[in-house]
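Work through the exercises below with the sequence and coordinates open. Each task is followed by a solution in steps.

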Amino acid sequence: MSREPHSFKRLVLGLQPGAHDRTMRLAVELADLLHLDLLGLFLEDTSLLDLAGIPFSREFRPLGGGWHTLDLDRLLHDFELAARSIERKFMGAAKRLPTGCQFEVARGSLAKTFASVSRRDDIVMIVEPQSSAERATQQFSWLLEAAFQSAAAVMLVPPHITRTKGPVVAIATSPDDPSIHAAAAIALAAKEELVIVEADGHDADDPLVRELATNTGLTIKRVAEARLGLADPTACAMAFRQIQERLVVMTRGAFADGAASAIAAARRVPVLVIEPMGMVADEVVVRPTAVH
């Protein structure tokens, strides 16, 4: 384990038409807390534009007289109006953010967009839709897949957050799990306790963890657990029942697919999924003074 905690430089918020004000406020609050620049990325779904370019394509308007030819100019105009509306809301929410703030419109493949825009020191925030039907859409699946394929860390945010205060939890599968230092950096910034859930039963009296507490002044608690079935929301809720955390940090690939979403849904708090240490560039690791 390195002596310096993870830190991040930018928060990237994926925005789509109809994005809620509360989503933007949450992103601004997190960027302010962690002293991150904020990028609002309006993700324009180009599938309709592609469809409009196909001869004889039609759309059905229940209140507009049945089937009509897709109007490419009208679609482009609607996209532009949606983008400008989201931009006004986003910039209004971020107007008092002391760090840098930017808004961009992204067109084309979601995977290519995230690959070209995101960096290793980014956190990409994905807010899950409120309804199960929306979560099951292909568009949301593509968005989630593109975010996880990018170089950035990914934060999954449930549609309704239960707590905004409380400990920051690291789910660790080894004494040098990078989730520990990432969670420590956030706990320092938030002035909260760090709770290490030892998912593989490793030594609770790890000297490296004690050194971390000495160097940072953090209050650190440990919770020893057998190997957790974290893809099961019920098992997850039982493992966390006494903690009352505000945020969970885990390492990508340490648990079964879907575990992060299951935790976010069961605990109703954001879950930050970071890259394994071997995949993190050296420049991502910064000194604790970067987090206040």
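**Exercise 1: Serine 150**

Not counting residues up to four places away in sequence, serine 150 touches Phe114, Ser118, Val124, Arg252 and Glu275. The model is a predicted one.

Task: Where does serine 150 sit in the chain, is serine 150 buried or exposed, and which backbone oxygen lies 2.6 Å from a polar atom of its side chain?

Solution. 
- Step 1. Serine 150 belongs to the loop that runs between helix 6 (138-149) and strand 7 (153-157).
- Step 2. The relative accessible area of serine 150 is 5%. Buried means under 20%, so serine 150 is buried.
- Step 3. The backbone oxygen is that of alanine 147, 2.6 Å from a polar atom of the serine 150 side chain.

**Exercise 2: Aspartate 121**

Task: Which side chains meet that of aspartate 121 in a salt bridge, and how many salt bridges does a search of the whole structure find?

Solution. 
- Step 1. A search of the whole structure gives 11 salt bridges.
- Step 2. In one of them, aspartate 121 pairs with lysine 9, at 3.8 Å from N to O. This pair links distant parts of the chain, 112 residues apart: aspartate 121 is in the loop between helix 4 (110-117) and strand 6 (122-127), and lysine 9 is in the segment before strand 1 (10-15).
- Step 3. Aspartate 121 also forms a salt bridge with arginine 119, with an N to O distance of 3.3 Å.
- Step 4. Classify the residues by relative accessibility. Aspartate 121 has 9% and is buried, while lysine 9 has 42% and is partly exposed. Arginine 119, with 37%, is also partly exposed.

**Exercise 3: Arginine 163**

Solution. 
- Step 1. The partner is glutamate 245, and the closest N and O atoms are 3.5 Å apart.
- Step 2. Check burial at both ends. Arginine 163 counts as buried at 14% relative accessibility, and glutamate 245 is buried with a relative accessible area of 0%.

Conventions:
Residues numbered from 1 in each chain as written. Predicted model: local features only at pLDDT ≥ 70, side-chain atom pairs only at ≥ 80, totals over all residues. Heavy atoms only, no water. Helix = DSSP H or I, 4+ residues; strand = E, 2+ residues; numbered from the N terminus. Buried < 20%, exposed > 50% of the residue type's maximum accessible area, 1.4 Å probe, protein only. Polar contact = N/O pair within 3.5 Å; in protein donor to acceptor, adjacent residues only side chain to side chain. Contact = heavy atoms within 4.5 Å. Salt bridge = Lys/Arg side-chain N within 4 Å of Asp/Glu carboxyl O.
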